Amino acid sequence: MASLPLTLIVGSEQVLVDRALADARAAARERFGEAPTVMTLSVAESAPEALAEALSPTLFGEATLVVLTDADSFEDTTFPVLERAIADPPDGFAVVVHHPGGVKGKRYLTAIRGAGAGEVSCSALKKGRATQDFLLDEVRRHGRKATPDALRALYDSIGHDLPLLVGAIGQLCTDVETDPISDDDVRLYFAGIADMQGYRVSDSVWERRPVDALRDLRWAVESTGRAGVGPAITAAIASGLRNMARIQGMPPSASDADIMQETGIRFDWQVRNMRARAKKWRPDRLARATVTLSGVDVAMKGGLRPGDALDVDQKLHVLEEFVVRTASPSANA
């Protein structure tokens with residue numbers, strides 16, 4: 001009897017989880033000779049009957065990849081459903097089980113490993129050598145090379161933010177034609193690093209994290225210079241706001257691909273993050289933030305009339321006040 005293609009993903013580093021899922025889809029496509037239909041179910045939110053239906057043969061026998069998330073929530077009522085699929089695998093099926101890590105549901109993890117699952121570790125990467133190795137592997141995935149100095153320069157520019165690092169490597173590998181990519185290439189490409197720091201501030205603001213937003217803003221000011229940081233920050237915040245407004249204006253049934261096409265967002269994990277943020281904001285509050293931000297942006301650029309120009313300290317005060325007030329939960333009350 002053929003065995004069930006079974007992959008176990010353990011850990012919650014989202015970039016690594018997304019990569020492991022993409023690899024599982026590619027492996028299923030190669031195995032079955034066609035792109036599989038992907039069905040994602042949360043073990044925590046699905047009844048045993050729903051899991052059993054997902055793991056049952058389809059009417060037309062098309063290739064299917066079943067992704068079971070929240071595997072730490074397996075119980076004695078739900079785990080036997082997966083056991084039966086392992087013992088009597090349906091044709092044309094592959095299964096991915098994602099466990100976020102930790103000790104909860106450990107005995108079920110042991111059983112899945114014992115069933116011969118291929119395991120992918122997606123634990124959070126530690127700073128230092130582990131992250132450097134990850135960045136090097138990411139460059140190789142693009143079929144490119146980079147010097148150790150280039151990777152260090154990239155890390156110094158962006159910090160320990162894996163989604164941003166992955167996106168930056170993708171941009172470098174697309175836009176820099178020479179091999180290997182050097183530290184000079186990185187510094188030239190990210191000469192406007194205030195833009196990158198600005199997106200950190202933007203993320204913190206729209207995710208309703210006022211303490212992080214203020215910290216990220218002050219870090220951007222210290223690392224990129226006080227005089228020119230204002231316009232870059234407001235531009236990044238405005239970009240995040242526009243994307244949320246576009247997502248709120250799209251029908252709930254819109255797919256990630258639809259949103260990527262509408263907004264220009266390049267990665268599906270960014271779409272998921274933006275969708276989650278958009279749910280935290282009422283449209284009228286986003287409209288109010290838009291009006292306020294436009295005023296802040298004008299102040300950063302010198303004002304509308306003679307005599308309106310603020311000095312550097314005044315600009316930073318205005319920007320800090322906007323960031324903290326907008327990010328505070330009461331701003332959407």
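Arg-215 is exposed, with a relative accessible area of 51%, where exposed denotes over 50%, buried under 20% and partly exposed the range in between (1.4 Å probe, protein chains only). The side chain of Arg-215 meets that of Asp-216 in a salt bridge with an N to O distance of 3.1 Å, a salt bridge being a side-chain nitrogen of Lys or Arg within 4 Å of a carboxyl oxygen of Asp or Glu. Asp-216, by contrast, counts as buried at 9% relative accessibility. Through shared partners, salt bridges link Arg-215 and Asp-216 with Asp-203, Glu-207, Arg-209, Asp-212 and Arg-277 in one network.

The structure is a predicted model, in which local features need pLDDT of at least 70 and side-chain atom pairs count only at pLDDT 80 or more, whereas totals for chains, interfaces and linings use all residues. Residues are numbered from 1 along each chain as its sequence is written, and side-chain values use heavy atoms, with hydrogens and water left out.

The protein comprises 15 helices and five strands, assigned as DSSP runs (H or I, at least four residues, for helices; E, at least two, for strands) and numbered from the N terminus. Of its 333 residues, 43% count as buried. Among contacts (heavy atoms within 4.5 Å) between residues at least 6 apart in sequence, 75% join residues at least 24 apart.

The largest nonpolar core has 34 residues, a nonpolar core being a set of buried Ala, Val, Leu, Ile, Met, Phe, Trp, Tyr and Cys residues joined through side-chain atoms within 4.5 Å. The residues with the most contacts inside this core are Ile-9, Val-96, Phe-134, Leu-154, Leu-165, Ile-181 and Val-186. Two or more residues are given to the core by each of helix 1 (14-32), strand 3 (64-69), strand 4 (93-99), helix 5 (129-141), helix 6 (148-158) and helix 7 (162-175), and the largest share, eight residues, comes from helix 7. A second, separate core of 32 residues includes Val-221, Met-244, Leu-293 and Ala-299. Residues up to four places away in sequence being set aside, Ile-9 touches Val-17, Ala-20, Leu-21, Val-96, Val-97, His-98, His-99, Val-120 and Cys-122.

Cys-122 is itself buried, with a relative accessible area of 0%, and Cys-173 is likewise buried, at 10%. A search of the whole structure finds zero disulfides, the criterion being a pair of cysteine sulfur atoms within 2.5 Å.

Helix 1 and helix 5 pack at an angle of about 35°, with their axes 14 Å apart; the axes are lines fitted to C-alpha atoms, for helices over the stretch in contact, and angles run from 0 to 180 degrees between N-to-C directions. The crossing of these two helices is left-handed, that is, the near helix is turned anticlockwise from the far one by less than a right angle. Val-15, Leu-16, Arg-19 and Asp-23 of helix 1 make the contact with Phe-134, Glu-138 and Arg-141 of helix 5.

In total, the structure holds 20 salt bridges. One of these joins the side chains of Asp-18 and Arg-272 at 2.7 Å, N to O; Asp-18 lies in helix 1 and Arg-272 in helix 13 (residues 268-278), so the pair ties together parts that are 254 residues apart in sequence. Asp-18 is buried, with a relative accessible area of 12%, whereas Arg-272 is partly exposed at 33%. A further salt bridge connects Asp-76 with Arg-107 at 2.5 Å, N to O. Asp-76 is placed in the loop between strand 3 and helix 3 (79-87) and Arg-107 in helix 4 (residues 106-114), so that this pair ties together parts 31 residues apart in sequence. Asp-76 counts as exposed at 54% relative accessibility, and Arg-107 counts as exposed at 54%.

Two further sites were examined individually. His-142 is found in the loop between helix 5 and helix 6 and is partly exposed, with a relative accessible area of 38%. Beyond its neighbours within four places in sequence, His-142 is in contact with Ile-169, Gly-170 and Cys-173; the C-alpha atoms of His-142 and Ile-169, which stand 27 residues apart along the chain, are separated by 8.8 Å. Ser-204, located in helix 9 (residues 193-206), is buried, with a relative accessible area of 1%. Not counting residues up to four places away in sequence, Ser-204 touches Arg-209, Asp-212, Ala-213, Asp-216 and Ala-327, and of these Arg-209, Asp-212 and Asp-216 belong to the salt-bridge network that includes Arg-215.
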